[in-house]
Amino acid sequence: MKLLSKNSTKQAAAQTAAEPSSAPVARKPKLSKKKLIILCVVGALAVLLAVLAIWRVTHPEPKVDDLYTFTQVERRSITETLTGSGILEPADSYTVTTLIAEDILSAPFEDGDVVTKGDVLYELDSSNAATSIERAEIALSQTQRNYDKKLGQQANSVSVPAIPCAPIPPSRSSKTPPPS
């Protein structure tokens, strides 16, 4: 720095106005790395919030009334049909078996018909069963006659009455083994 007189001060003031001064200018302090990161995050959040606000304004949520159509109840016929193919299986099915193996004479129903208790499902050829019943009845009558005959024989035979026996007293000697 120079010391100047009064005249020279005027000249110096004029000179400084004409030229930029060589004195150091106050610089902005540099941001630290941590402050720079925080500033970037805050800026990104501000941009995100702005985009979200614009989205909400341009795309409002639908109202419940817009989602459903309300109408009065009325009777109508259904005009829509559905076609398809597949296999239907019953909820309950039963296997019908018999104790005898005979020929089927008739089956008065078709597959898929609903049957109720007491309905005739099959008519079987019963000629072999009838023959078996006749044989069983003949065997029963023969057995009954044999039984009656044996019963009559026992009634005619001499019966021998049982002889009562007195009980044998136990022995007083402890050396004899008990009877086995």
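**Exposure, pairs and folds**

Mentor: We begin with Glu74, which is exposed, with a relative accessible area of 52%. Please keep in mind throughout that this is a predicted model.

Trainee: With which residue does Arg76 form a salt bridge?

Mentor: A search of the whole structure finds one salt bridge, and Arg76 takes part in it, with the closest N and O atoms 3.1 Å apart. Arg76 counts as exposed at 64% relative accessibility, and Glu74 is likewise exposed, because its 52% is over the 50% cut-off. The partner of Arg76 in the salt bridge is Glu74.

Trainee: In what order do the elements of the protein run from the N terminus on?

Mentor: The protein contains four helices together with two strands. Read from the N terminus on, these elements run α-α-α-β-β-α.

Trainee: What distance separates the end C-alpha atoms of helix 2?

Mentor: Helix 2 covers residues 33–58, and at 1.5 Å a residue its 26 residues should span 38 Å, a figure with which the model agrees. This helix is hardly covered, since the count of buried residues in it is zero. Its end C-alpha atoms lie apart by 38 Å.

Trainee: What share of the residues in the protein is buried?

Mentor: The accessible surface of the protein comes to about 19,400 Å², and 60% of that surface belongs to carbon and sulfur atoms. A residue has to be under 20% relative accessible area to count as buried. Of the 180 residues in the protein, the buried ones make up 1%.

Trainee: How is the aromatic pair of Phe109 and Tyr122 arranged, stacked or edge-to-face?

Mentor: The structure holds one aromatic pair. Phe109 and Tyr122 form this pair with 5.7 Å from centre to centre and 65° between the planes, and since an angle over 60 degrees decides the class, the arrangement is edge-to-face.

Trainee: How many residues apart in sequence are the parts that this pair ties together?

Mentor: Phe109 and Tyr122 each lie in the loop between strand 1 (104–106) and strand 2. Phe109 is partly exposed, with a relative accessible area of 23%, and Tyr122 also counts as partly exposed, at 39% relative accessibility. The parts that the pair ties together are apart in sequence by 13 residues.

Trainee: Which residue's side chain makes a polar contact with the side chain of Asp125?

Mentor: Asp125 is found in the loop between strand 2 (123–124) and helix 4 (127–156), and is partly exposed, with a relative accessible area of 26%. Leaving aside neighbours within four places in sequence, Asp125 is in contact with Glu102, Asp103 and Leu105, while Ala101, 24 residues apart from Asp125 in sequence, is 9.4 Å apart from Asp125 in space, C-alpha to C-alpha. The polar contact, at 3.4 Å, joins the side chain of Asp125 to that of Ser127.

Notes:
Residues numbered from 1 in each chain as written. Predicted model: local features only at pLDDT ≥ 70, side-chain atom pairs only at ≥ 80, totals over all residues. Heavy atoms only, no water. Buried < 20%, exposed > 50% of the residue type's maximum accessible area, 1.4 Å probe, protein only. Contact = heavy atoms within 4.5 Å. Polar contact = N/O pair within 3.5 Å; in protein donor to acceptor, adjacent residues only side chain to side chain. Salt bridge = Lys/Arg side-chain N within 4 Å of Asp/Glu carboxyl O. Areas by Shrake-Rupley, 256 points an atom, 1.4 Å probe, with all protein chains shown as cover. Phe/Tyr/Trp six-rings, centres within 6.5 Å; stacked < 30°, edge-to-face > 60°. Expected span 1.5 Å × (residues − 1).
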